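Work through the exercises below with the model open beside you. Try each task before reading its solution.

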Amino acid sequence: MLHRKLNAVSDEAPLYRQILGTAWDALPPPIRAMHTLHGRLEARGFARVERGTGLPSRLVAWLIGFPPAGEHIPVTVHFTLNNGVERWQRDFGGKRFASYQAAGKGGLIDERFGPFTFGLELRLDNERLYLIMRRWRFCGIPLPAFLAPGGTTYEHVEDGTFHFHVDIVQPGIGLIVRYRGWLDLA
């Protein structure tokens, strides 16, 4: 398991390179390529989406804008960089939602979905890049860790292709959304 090691990495380096430090070099090349953003990138692929079925999970998924459940859904992700902030515009078969990623405090990536910001630790383990939720805020106000959404989120490579796996589970509610699939840079 590789944790990031603090070193002098230029602010001009890709965001994930800045956060991972020397662990960046151990990433499989397709993962490195997906996170080497200097202006704009586009990736296309397919995904499978599962959604929680309870009313609270459906409401949370609707508020965030997550896609509906489905199989073999075409996916396009547009990555843009502006003043050190990455915008990830995802399109799952016509259902679009976006998040913004930037360097956070304590060596975390801050990912913002609307009024919620999640502090994510990047950890490379067995050639998988895990994104582990460590803190969350609503409109800048810290929220209790025991109420934080969890799940397993990671990126990996299969047969030379970038794959993603995202689980979002909320305590007391259950599954909000799970999506997994693959992307190729366009």
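**Exercise 1.** How far apart are the mean positions of the positive and negative charges of the protein chain?

*Solution.* Start with the ground rules. This is a predicted model, where local features need pLDDT of at least 70, side-chain atom pairs count only at pLDDT 80 or more, and totals for chains, interfaces and linings use all residues. Residues are numbered from 1 along each chain as its sequence is written, and side-chain values use heavy atoms, with hydrogens and water left out. Next, assign the charges. Lys and Arg are positive, Asp and Glu negative; His and the chain ends are not counted. Place each charge at NZ of Lys, CZ of Arg, CG of Asp or CD of Glu. The protein chain has 22 positive and 18 negative charges, and their mean positions are 7 Å apart.

**Exercise 2.** Compare the radius of gyration of the protein chain with the globule rule.

*Solution.* The radius is taken over C-alpha atoms; the rule is 2.2 Å times the number of residues to the power 0.38. For 186 residues, a compact globule would come out near 16 Å. The protein chain has 16 Å, so the two agree.

**Exercise 3.** List the order of helices and strands.

*Solution.* The protein chain has three helices and 11 strands. From the N terminus, the order is α-α-β-α-β-β-β-β-β-β-β-β-β-β.

**Exercise 4.** Classify two aromatic pairs.

*Solution.* A pair of aromatic rings is described by the distance of the centres and the angle of the planes. Rings of Phe, Tyr and Trp (its six-membered ring) pair if their centres lie within 6.5 Å; planes under 30 degrees apart are stacked, over 60 edge-to-face, the rest tilted. The count is 16 aromatic pairs.

- Tyr-16 and Trp-88 are stacked, at 6.4 Å centre to centre and 25° between the planes. Tyr-16 sits in helix 1 (residues 15-20) and Trp-88 in strand 3 (residues 85-92), 72 residues apart.
- Check burial (buried is under 20% relative accessible area, exposed over 50%, partly exposed in between; 1.4 Å probe, protein chains only). Tyr-16 is buried at 0%. Trp-88 is buried at 9%.
- Phe-113 and Phe-118 have ring centres 6.3 Å apart and planes at 65°, so this pair is edge-to-face. Both Phe-113 and Phe-118 are buried.

Methods:
Helices (H or I, at least four residues) and strands (E, at least two) are DSSP runs, numbered from the N terminus.
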